[in-house]
Amino acid sequence: MGGMRRTVLGILAACLLALATACSVSTKDPDYVPPAPLPPLEQLKQVPVTQPSELGSGEDLTAFVTEDRNIACAMTSARGDHLNLPYEANNYDDSANAKLATVPVVHCELAVYPAPQARDVTDNCNGTGLGYLGGTVLLRPDKVAYGACRSGVTEMEAEFAPKGSRTGPIAELPVLSEGQNIERNGLRCSTYNGGVACGNLSAGVAFFVNRAGYLLVSKGGTVTSGKMPAS
């Protein structure tokens, strides 16, 4: 009788042990600090480059919008200051510009964006010193700039700012989802940390921008400007 009881208790103990080891309970570590997002150039160096089929590059440009519809970008070309953009009127195709060198660029617009830092203002707006606004970023193969002179809203603001129409050319762009990456004409873009990073790795020129801030990297990756709030 005693042997049977010990056998039953042994079986019960084994079952309880199996049940205990089959279950796990995770608790949040109050001291855990998530790693900081990678700097723009490091992000662009480390990510595998893919080109989603829905972003199939056209003959002249590739354009996309982020999942939250806050940033639209065109990986395109420039002739001087004239950009080939699918979402803003431009003079890129004017015959007078045909003699200008054509270079690859990335141009992005934001619906909600930070103001440019004083040291990143690169134009005096025809001598007035007024009208240099954030919300745009332009990457050329050898330099990058945040903001530009303008008197009105961008197409991105018109469509996806808080009171935007939600209709127009940007609303029709394909989405580059968070964590996806794309490369065109030596320039690479990646969506991460709620924003977009684009750069020319060989020249060490890049940017990262999201709703809260922006970073500009230049001079072979040795100079960083802009302002990005702590996570």
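What is the volume of the largest pocket? Read on through the views of this predicted model to find out.

**View 1. The whole chain, to get your bearings.** The protein chain folds into three helices and 12 strands. Of its 231 residues, 39% count as buried. The chain exposes about 13000 Å², with carbon and sulfur atoms supplying 55% of that area. Now look at contacts with a separation of 6 or more: 55% of them link residues 24 or more positions apart.

**View 2. Into the largest pocket.** Here's the answer: the largest pocket has a volume of about 890 Å³. It is lined by 26 residues, and those closest to its centre are Asp-81, Leu-83, His-107, Leu-138 and Ala-148.

**View 3. What the pocket lining is made of.** Strands S3 (82-83), S4 (102-110), S5 (132-139) and S6 (144-149) are the elements that each give two or more residues to the lining of the largest pocket. Sorted by class, the lining comes to 11 nonpolar, eight polar and seven charged residues.

**View 4. Zooming in on Ser-225.** Ser-225 sits in strand S12, which covers residues 223-227. Is this residue buried or exposed? Ser-225 counts as buried because its relative accessible area is 15%, and the cut-off is under 20%.

View 5. The side chain of Ser-225 makes a polar contact with the side chain of Asp-120, at 2.9 Å. Setting aside neighbours within four places in sequence, Ser-225 is in contact with Arg-119, Asp-120, Tyr-214, Leu-215 and Leu-216.

Conventions. Residues numbered from 1 in each chain as written. Predicted model: local features only at pLDDT ≥ 70, side-chain atom pairs only at ≥ 80, totals over all residues. Heavy atoms only, no water. 1 Å grid on protein atoms, 1.4 Å probe; cavity = no way out; pocket = protein on both sides within 12 Å on 5 of 7 lines; lining within 4 Å. Points joined across faces, edges and corners; volume = space filled by probe spheres on them. Helix = DSSP H or I, 4+ residues; strand = E, 2+ residues; numbered from the N terminus. Nonpolar A, V, L, I, M, F, W, Y, C, P; charged D, E, K, R; others polar. Buried < 20%, exposed > 50% of the residue type's maximum accessible area, 1.4 Å probe, protein only. Polar contact = N/O pair within 3.5 Å; in protein donor to acceptor, adjacent residues only side chain to side chain. Contact = heavy atoms within 4.5 Å. Areas by Shrake-Rupley, 256 points an atom, 1.4 Å probe, with all protein chains shown as cover.
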